[in-house]
Protein chains: 4
Amino acid sequence: MTATGVLLVSCPDRLGIVAAVASFVAAHGGNVIDLQQHTDHTDSAFFQRVEFELDDFDLERASIAEAFAPVAEQFAMQWTLRFSDDRCRVAVLASKEPHCLHDLLNRWRTGELHVDIALVASNHADHRATAEWYDVDYLHAPIVDGDKGAQELVLRDALHLRQVDLVVLARYMQILSPAFCAEWSGRLINIHHSFLPAFQGARPYHQAHDRGVKLVGVTAHYATAELDDGPIIDQDVIRVSHRDDVEDLRRKGRDLEVTVLARAVRAHVGHRVLVYGRRTVVFD
Amino acid sequence: MTATGVLLVSCPDRLGIVAAVASFVAAHGGNVIDLQQHTDHTDSAFFQRVEFELDDFDLERASIAEAFAPVAEQFAMQWTLRFSDDRCRVAVLASKEPHCLHDLLNRWRTGELHVDIALVASNHADHRATAEWYDVDYLHAPIVDGDKGAQELVLRDALHLRQVDLVVLARYMQILSPAFCAEWSGRLINIHHSFLPAFQGARPYHQAHDRGVKLVGVTAHYATAELDDGPIIDQDVIRVSHRDDVEDLRRKGRDLEVTVLARAVRAHVGHRVLVYGRRTVVFD
Amino acid sequence: MTATGVLLVSCPDRLGIVAAVASFVAAHGGNVIDLQQHTDHTDSAFFQRVEFELDDFDLERASIAEAFAPVAEQFAMQWTLRFSDDRCRVAVLASKEPHCLHDLLNRWRTGELHVDIALVASNHADHRATAEWYDVDYLHAPIVDGDKGAQELVLRDALHLRQVDLVVLARYMQILSPAFCAEWSGRLINIHHSFLPAFQGARPYHQAHDRGVKLVGVTAHYATAELDDGPIIDQDVIRVSHRDDVEDLRRKGRDLEVTVLARAVRAHVGHRVLVYGRRTVVFD
Amino acid sequence: MTATGVLLVSCPDRLGIVAAVASFVAAHGGNVIDLQQHTDHTDSAFFQRVEFELDDFDLERASIAEAFAPVAEQFAMQWTLRFSDDRCRVAVLASKEPHCLHDLLNRWRTGELHVDIALVASNHADHRATAEWYDVDYLHAPIVDGDKGAQELVLRDALHLRQVDLVVLARYMQILSPAFCAEWSGRLINIHHSFLPAFQGARPYHQAHDRGVKLVGVTAHYATAELDDGPIIDQDVIRVSHRDDVEDLRRKGRDLEVTVLARAVRAHVGHRVLVYGRRTVVFD
């Protein structure tokens, strides 16, 4: 598989956007291998993802953005250009529960997830041995004397130092400050263990059990300052019954958390997600 | 398939309940063909469903309850006894949308649903021709001058007159009074077009679209005076994407509404549901 | 919703196809509202669906195909052009079981399915009253003295007479001749009550029960001369257990048959399906 | 959670079996906390699982079987008695692919899976470091000069030496001899990466891709001498599309393989599975 370029575009809907983008790519020798487009009719909003081969492209990678800028300007686009062999630098934050962390590390080590794991961090010391086994930096950032601000500062410094592109909250149970959420807006993915917007907040499996639901779900979303309210990337559910107590819901939910978080991270690093108000467009 | 008896039992958990019930059935010549039992450990609550053949049972049907009473008393049981060839008398209430109504009528006519449809009622005149085609009584009970109380009285009389056992709200969009809900408690099944407790109240597909969820769901539940808060019998979901507008959610949701409501009605008339606080035990 | 045009294209993969098609549409004033593209890398095959608004299109509908022909020729395209307000003329064939037939008729009558039902036909007389209720022509085409050829001739004449575009086998249990399948190739949709390629041939629910599977499935596919081997359009499954006998599998399967067949018909009449060897591309 | 006893029973159907078993348990002071029963009407076969508390049981564990024997004899039962704190001794066999192995080891280490992992074995050396990290014995049993018989002998000795109760084939790609399958009959669980009986044999994801299916599945089953034909314990599927190439099917399938194998192992070690011809009864 040779490298490809990916243009991810959103703008007000107008005549000729697809033609303009596709013509730009073709004119420079790029063969389109995947194109998906979506128009939101209510808001007259246009979304597009174009993936094209770079083999015969007649521009250097570093010059493509500049060459594309006039097209983007013409249609008032918000846009990004990425290359398939760029490796997103990912930090994984976890608290006590290890399953999502282990799963991401496994997918990374087996090559399924094309990223660099730049850091594993936790408010607990528990995962140090795991990080060492995977040969990844580990940051134990405890909350000392309840000073969350100080701890967050330690986290932020570590993320900057390692030039992290994406922070994954892999069952990280500390609430992050609005400032942190704003800084990492659109680059901060959380897995919440309920089918949002049901059961926001603490102990969703207990809430689900009390309510007597017949399915439990999980939600991967971009974290925002509004707790459990950010744009949803992916969700899934599993059937439960009266036979399942809270511990069973937790166990069944873990398998969902793992797969849904991995799908969301995969979509993000594949440049397949556009945030759009509190909604997302996810090109599959 | 010969007729069977079904004992549905709940009581405080104690030693020997299964043995007592099974011994009663066996002592009278009843062969157990299906037994399911559940203990809720948190509340020390016991639930059981026993289905047994009547062919060689040495008591008349009319005498079984009396014979069982001492067993029930010993364990402080709440219990019901039904026979598989009892046909539950069902009234179906609908407003404008026809899909759930049609579906129940079709399942009834093809023999899949072993009930008697005693009445179809609506606050609109729309479904009269349908009811006639299926040869079922139709009650058009409009709300005149906004007098919901008067309309509900008409409904209640019609239900009593036809000795209805179960009222199914097949996309009936009028809120019923607390008195009505109380009278029909545990015998009033509603289909709500969201994955409760998410999106309670009006226009759940609009709410779901605004929130940008990646799955939409439906919930069949016993209606109570608390809107959309009664014990859940069954739920299901279907995947949606940014490509689906509200109309698409409605369309995809309709297929779910139809199947989930039918499953809930089937469970109820098969004497498989025990209400337990705001939860249910559904023996499958 | 105003009318749109849909171009459905397949051809060998080459540089510039998307640009050429999109530029054609844009040059004539057509705003693209939905574009999906797929490249099969193994076979270097290119597939595309473009839907565009006709409001400001500067060509008459009747002239679009001629204008597009040079573009199509340049890339050796196989292609079709349809308009969203074209109503596909559908014939539904059923044998004894009514559920798929009823479901399609309901979706048609409620306006969910944008087609004309030109004919309901069966080798049995059973569905005449149903067809009359829906005000659709009914053809009872019995097989007399085992002469299937004669019966098929009756069917074919009826289909031609009514200028049918699509034949839906809605649990039609007669095997059609290779000549019939060839004539209706790509316009003949069957629902098979198993998860193909498992349980081809007769009595798949019995086969599934014997094998002890934990899920049963259904498959909507284009029928070909090879029984149950045509290109698959859609499939789905439902969970079953040891508690389900063959009759339960049938019941659970019916709900799947209905929804999966309806989804396949919807995809076909929305010009979303391209056949590709024994596979399909289904743009959703 | 205190320890419980589990009786797993199958026998010809007759009057009074439930009563006899439940009365035995109650007479000795055992409180039933979970009872499930199933009758197969076609074959008049009876199946039951009874789980009861041991706290106030008036027999020593070692004496229960002897005391129960007369009841079992009366009804010609096949039966087993296990205790919830018995830890099944499990050997996991893998070839190259690590995902199922890792997953089982993780579930074991986090305490979700109540077993002892007695051995990890492979025909490759790949997983030694993994086994060491989890502090589990590792056997590298290569096939030398194509002598599969000799390798199998090494495996069998290792399994006997460690008194293994259950062998899990966690993507072990070597075909085991009929003698081995017979010796481990009912104690040998395999995960096959297709929705059996579709795509038996080699390279099922390639087969699935060639056939153009719209769902791929996996099957956990007891391995028998007939390849991919043993009694099915659990199955699941995931949606795929024309966009997914064989590598995508593999990736999506891996998540299923992991969860379905884990569910099957959990059901087996929880004494919830009865084999019944080529079918299974799985009490959930």
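User: How much area do chain A and chain B bury between them, and what part of it lies on carbon and sulfur atoms?

Analyst: This is a predicted model, and in it chain A and chain B bury about 2900 Å² between them, with 54% of that area on carbon and sulfur atoms. On the side of chain A, the residues that lose the most area to chain B are R211(A), K214(A) and H242(A), which together account for 26% of what that side buries. The contact itself draws 33 residues from chain A and 33 residues from chain B.

User: What makes the pair R211(B) and D229(A) a salt bridge?

Analyst: The closest N and O atoms of R211(B) and D229(A) are 3.7 Å apart. The rule asks for a side-chain nitrogen of Lys or Arg within 4 Å of a carboxyl oxygen of Asp or Glu, and therefore the pair R211(B) and D229(A), at 3.7 Å, counts as a salt bridge. Between chain A and chain B the count is six salt bridges, and the interface also has 16 residue pairs in polar contact, both residues being at pLDDT 80 or more.

User: Which elements give two or more residues to the side of chain A that touches chain B?

Analyst: They are β2 (32–40), α7 (204–211), β11 (232–239) and β13 (279–282) of chain A, and the largest share, seven residues, comes from β11(A). Sorted by class, that side of chain A has 13 nonpolar, eight polar and twelve charged residues.

User: Why is S10(B) called buried?

Analyst: The relative accessible area of S10(B) is 12%, and because the label applies under 20%, S10(B) is classed as buried. S10(B) sits in strand β1 (residues 4–12) of chain B, where, leaving aside residues up to four places away in sequence, S10(B) touches F46(B), F47(B), A76(B), M77(B), Q78(B) and L274(B).

User: How do you know what radius of gyration to set against that of chain A?

Analyst: For 284 residues, a compact globule would have a radius of gyration near 19 Å, and chain A has 21 Å, so the value for chain A agrees with that expectation. Along the principal axes, the C-alpha atoms of chain A fill a box of roughly 60 × 40 × 35 Å, and buried residues make up 60% of the 284 residues in chain A.

User: What elements does chain A have, and what share of its contacts joins residues at least 24 apart?

Analyst: Chain A has eight helices and 13 strands. Among its contacts between residues at least 6 apart in sequence, 66% join residues at least 24 apart.

Key
Residues are numbered from 1 along each chain as its sequence is written. Chains are lettered from A and ligands numbered from 1 in the order in which they are written. This is a predicted model: local features need pLDDT of at least 70, side-chain atom pairs count only at pLDDT 80 or more; totals for chains, interfaces and linings use all residues. Side-chain values use heavy atoms; hydrogens and water are left out. Contact means heavy atoms within 4.5 Å. Buried area is the accessible area (1.4 Å probe) that two parts lose on being put together, summed over both. A polar contact is a pair of N or O atoms within 3.5 Å; within protein, one must be able to donate a hydrogen and the other to accept it, and residues adjacent in sequence count only if both atoms are side-chain atoms. Helices (H or I, at least four residues) and strands (E, at least two) are DSSP runs, numbered from the N terminus. Ala, Val, Leu, Ile, Met, Phe, Trp, Tyr, Cys and Pro count as nonpolar, Asp, Glu, Lys and Arg as charged, and the others, Gly among them, as polar. The radius of gyration is taken over C-alpha atoms; the globule rule is 2.2 Å times the number of residues to the power 0.38. Buried means under 20% relative accessible area, exposed over 50%, partly exposed in between (1.4 Å probe, protein chains only).
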